[in-house]
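I opened my notebook to get to know a new structure. Here is what I looked up, entry by entry.

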Amino acid sequence: HDIMRGSIVETSRLCGRANCVCAREGKRHAREVLSVNLQGKTHSVHLNAKSREWVELATGNYRRMWELLEEITEVNLKLLRVGKKRKASKAR
């Protein structure tokens, strides 16, 4: 279950409190978010240290899965080109 698509993005913002350093000096508050686009809509979730660790694991697993699917596709394409793949109906 530790798999998901998305990217960790660093953003910054002004908090809006009048007495904060961001209001006085213009220094923005840095934060990290998970950004993922689902069905045409971008979702962002603020990450703390613990959730960032899990998101790194899950998105890394997604990238590794994608790499494995690419490798499998490459092998199957080569097999198909040399005629070693049986028809789908016979494989079932």
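**Entry 1: the turn.** I began with the hairpin of strand 2 and strand 3, where two residues sit between the strands and Gln39 takes a positive phi near 50 degrees. Helices (H or I, at least four residues) and strands (E, at least two) are DSSP runs here, numbered from the N terminus. Two strands count as paired if DSSP finds at least two bridges between them.

I noted that this is a predicted model, in which local features need pLDDT of at least 70 and side-chain atom pairs count only at pLDDT 80 or more, while totals for chains, interfaces and linings use all residues. Residues are numbered from 1 along each chain as its sequence is written, and side-chain values use heavy atoms, with hydrogens and water left out.

**Entry 2: the strands.** How many bridges join strand 2 to strand 3? I found seven, between residues 29-38 and residues 41-47, with the two strands running antiparallel. Leu38 has Lys41 of strand 3 as its bridge partner, and Val33 stands opposite His46 in strand 3.

Strand 1 and strand 2 are also antiparallel, and seven bridges pair them. On that side, I saw Ser12 opposite Ala30 in strand 2.

Put together, the three strands make an open, antiparallel sheet in the order 1-2-3. Strand 1 (7-13) and strand 3 stand at the edges with a single partner strand each, so one side of each has no neighbour in the sheet. On average, neighbouring strands of this sheet are turned by 40 degrees against each other, direction ignored. For such angles, axes are lines fitted to C-alpha atoms (for helices over the stretch in contact), and values run from 0 to 180 degrees between N-to-C directions.

**Entry 3: the helix across the sheet.** Next I followed helix 2, which lies across strand 1, strand 2 and strand 3 and runs at about 135 degrees to strand 3. Contact means heavy atoms within 4.5 Å.

Glu53 has its place in helix 2 (residues 49-81). Is Glu53 buried or exposed? It is exposed, at a relative accessible area of 60%; the classes are buried under 20%, exposed over 50% and partly exposed in between (1.4 Å probe, protein chains only). I also checked Glu53 against Ala23, 30 residues apart along the chain, and their C-alpha atoms are separated by 31 Å.

**Entry 4: salt bridges.** I searched the whole structure and got six salt bridges, each a side-chain nitrogen of Lys or Arg within 4 Å of a carboxyl oxygen of Asp or Glu.

In the bridge of Glu56 with Arg52, the closest N and O atoms are 1.9 Å apart. These two are four residues apart in helix 2, so about one helical turn separates them. Glu56 is partly exposed at 39%, and Arg52 is partly exposed at 23%. Glu32, Arg52 and Glu56 are linked in a salt-bridge network.

Glu74 bridges to Lys78 at 3.6 Å between the closest N and O atoms, and this pair too lies in helix 2, four residues apart, about one turn. Lys78 counts as exposed at 53%, whereas Glu74 is partly exposed at 47%. I also listed Arg64 with Glu71, at 3.9 Å from N to O.

**Entry 5: a nonpolar patch.** Which residues form a nonpolar patch on the surface? They are Ile3, Met65, Trp66, Leu69 and Ile72, with about 460 Å² of accessible area together (Shrake-Rupley method, 1.4 Å probe; for residues, only the protein chains shown count as cover). Patch members have over 30% relative accessible area and no salt bridge; like charges are joined within 9 Å, and nonpolar side chains (Val, Leu, Ile, Met, Phe, Trp, Tyr) within 5 Å. Ile72 lies in helix 2 and is partly exposed at 49%.
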